[in-house]
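Look at the sequence and the structure first, then read on.

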Amino acid sequence: MTIPLPTVELRLWRADAVVLFDWLMTVDLNQVPISHPAEKQALADLLTQLEQSSVTEVDQGEIDSARREVSRDMGW
């Protein structure tokens with residue numbers, strides 16, 4: 001018998017989800033600085049959840065637009 005793991009409901013702005021999904025699909029998680037292996041696993045788990053959403057259907061135009069929206073007013 002498998003006991004379900006506790007979960008948390010998380011809502012993301014779609015533009016944030018698009019940016020995160022695109023980044024997670026292209027980044028080499030072995031190159032991301034981590035202080036514990038669980039951090040890399042958590043990023044992989046986040047990618048798995050994003051892969052089950054509508055953000056997998058975005059094109060480059062929507063990715064570019066999402067990047068502009070998310071970075072707007074950052075002051076960087």
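## A term to begin with

A crossing of two helices is called left-handed if the near helix is turned anticlockwise from the far one by less than a right angle, and right-handed if it is turned clockwise. The structure discussed here is a predicted model.

## Helix H1 against helix H2

The crossing of H1 and H2 is left-handed. H1 covers residues 14-26 and H2 covers residues 37-51. Their axes lie 10 Å apart, and the two helices pack at an angle of about 120°. H1 is therefore oblique to H2.

Which residues make the contact between H1 and H2? On the H1 side they are Ala17, Leu20, Phe21, Trp23, Leu24 and Met25. H2 contributes Leu43, Leu46, Leu47, Leu50 and Glu51. Sorted by type, the residues of this contact are 10 nonpolar, no polar and 1 charged.

## Helix H1 against helix H3

H1 also packs against H3, again at an angle of about 120°, with the axes 8 Å apart. The crossing of H1 and H3 is left-handed.

In H1, the residues that meet H3 are Arg14, Ala15, Asp16, Val18, Val19 and Asp22. Their partners in H3 are Glu62, Ile63, Ala66, Arg67, Glu69 and Val70. The contact of H1 with H3 divides into 6 nonpolar, no polar and 6 charged residues.

## The largest nonpolar core

The largest nonpolar core has 13 residues. Within this core, Val18, Phe21, Leu24, Leu50 and Val55 touch the most other members. H1, H2 and helix H3 (60-71) are the elements that give two or more residues to the core. H1 supplies the largest share, 5 residues.

Setting aside neighbours within four places in sequence, Val18 is in contact with Val55, Val58, Glu62, Ile63 and Ala66.

Leu20 is found in helix H1. Is Leu20 buried, partly exposed or exposed? Because its relative accessibility is 30%, Leu20 counts as partly exposed; the partly exposed class lies between buried, under 20%, and exposed, over 50%. Beyond its neighbours within four places in sequence, Leu20 is in contact with Leu12 and Leu50. Leu20 and Pro4 are 16 residues apart along the chain, and their C-alpha atoms are separated by 26 Å.

Arg67 has its place in helix H3. With a relative accessible area of 41%, Arg67 is partly exposed. Apart from neighbours within four places in sequence, Arg67 is in contact with Val19, Asp22 and Gln60. Arg67 and Thr48 are 19 residues apart in sequence, and their C-alpha atoms are 21 Å apart in space.

## A residue in the loop between H2 and H3

Thr56 sits in the loop between H2 and H3. Its relative accessible area is 37%, so Thr56 is partly exposed.

Which residues does Thr56 touch, not counting residues up to four places away in sequence? They are Phe21, Leu50 and Glu51. Phe21 and Leu50 are also among the core residues that touch the most other members. Thr56 and Val18 are 38 residues apart in sequence, yet 8.2 Å apart in space, C-alpha to C-alpha.

How values were computed:
Residues numbered from 1 in each chain as written. Predicted model: local features only at pLDDT ≥ 70, side-chain atom pairs only at ≥ 80, totals over all residues. Heavy atoms only, no water. Axes fitted to C-alpha atoms, helices over the stretch in contact; angles between N-to-C directions. Helix = DSSP H or I, 4+ residues; strand = E, 2+ residues; numbered from the N terminus. Parallel < 35°, antiparallel > 145°, perpendicular 65-115°, else oblique. Contact = heavy atoms within 4.5 Å. Nonpolar A, V, L, I, M, F, W, Y, C, P; charged D, E, K, R; others polar. Core = buried A, V, L, I, M, F, W, Y, C linked by side-chain atoms within 4.5 Å. Buried < 20%, exposed > 50% of the residue type's maximum accessible area, 1.4 Å probe, protein only.
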